[in-house]
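Please keep the viewer open as you go.

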Amino acid sequence: MPELPEVETVRRTLKHFVIGKEIKAIQVHYDKIIVGDSNRFVSTLTGQTIRDIDRLGKYLVFILDRDAFVSHLRMEGKYHLVDAAAPLNKHQHLSFVFSDGTALRYQDTRKFGRLELVSKETYPYDLPLSKLGPEPWEADPEAIYQKIHRSSLPIKTLLLDQRIMTGIGNIYANEICFSMSINPTTPGKRVSKKRITELIAVSKEILEQAIAQGGTTIHSFDANGITGLFQMQLKVHMQKVCPVCDGPITKEMVRGRGTYYCQACQKKKG
Ligand SMILES: [Zn+2]
């Protein structure tokens, strides 16, 4: 699943390729990919030019002349910029056909991704974006502490709760806990305000590193589409040996999500 750094990479790549393009037609091949009335989606956006692409958490926000739409890639969503005459494959569910003869196609093998019309003026305050917490860059330690310090849920599970803080998925939650030397199962209420402040700082640092590494792939825009997926140097997620103590990495399920940690380095509770 793409996480914030990957979505940011997709945003930067897409901006490079589609800003200034005018939508001549929209072909919807799978209706459910659009939340709400797909005819309205098509009639509203046709004729408008893409002016900017924003991102909030893992949502991409395409800004046009008068309107905007959000796109959430979920598990497998990706965009391809192709010649409008290129044959459609069965996983491509929507085509934005541009007046210059190219087309942006949304492809999604799992069909979990969604696109939805939103207001250009108020989208950060409307659903679905209004339920998101702040990204680590905007997070206020005191406010985050208030949301965490009464919870018995594991700190790693709380890190994944997009209403508390947005943008951290499973891979980076594992990496953040490792970097903090904190046991991922530590209940939120055991984590001090000082450690929450540290948690936010580490979250920023790890996401920034990932974005910087994704930045180098921006122009590798090929037949695989714009997925933003890249190999970041991961220290604990899907690893077998701890890079700090050479001990084994433990994998266990924490609230349904694969959790990787080093029992020796991440003993600390809180
Ligand atoms: Zn270790």
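The points below cover a metal site, a sheet and the helices on it.

This is a predicted model, in which local features need pLDDT of at least 70 and side-chain atom pairs count only at pLDDT 80 or more, while totals for chains, interfaces and linings use all residues. Residues are numbered from 1 along each chain as its sequence is written, and side-chain values use heavy atoms, leaving out hydrogens and water.

**Zinc site**
- Cys242, Cys245, Cys262 and Cys265 coordinate the zinc ion through their SG atoms at 2.2 to 2.4 Å (donors are N, O and S atoms within 2.8 Å of the metal, or 3.2 Å for Na, K and Ca).
- The site is tetrahedral, with angles of 102 to 114° among its 4 donor atoms (four donors count as tetrahedral if all angles lie between 85 and 135 degrees).
- Along the sequence, the donor residues follow the spacing C-x2-C-x16-C-x2-C.
- Cys242 is buried at 0% relative accessibility, whereas Cys245 is partly exposed at 35% (buried means under 20% relative accessible area, exposed over 50%, partly exposed in between, with a 1.4 Å probe and protein chains only).

**Sheet**
- An open, antiparallel sheet has 4 strands in the order 1-7-8-6 (strands are DSSP E runs of at least two residues, and two pair if DSSP finds at least two bridges between them).
- Strand 1 (23–28) and strand 6 (78–83) each have a single partner strand, so one side of each lacks a neighbour in the sheet.
- Strand 7 (residues 92–98) and strand 8 (residues 102–107) are joined by 5 bridges, and Phe96 stands opposite Leu104 in strand 8.

**Helices**
- Helix 1 (residues 4–18) lies across strand 6, strand 7 and strand 8, at about 20° to strand 6 (helices are DSSP H or I runs of at least four residues; angles run from 0 to 180 degrees between N-to-C directions; contact means heavy atoms within 4.5 Å).
- Helix 2 (residues 38–45) lies across strand 1 and strand 7, at about 165° to strand 1.

Technical notes
Four donors count as tetrahedral if all angles lie between 85 and 135 degrees; four count as square planar and six as octahedral if opposite donors are over 155 degrees apart and all others between 65 and 115; anything else is irregular.
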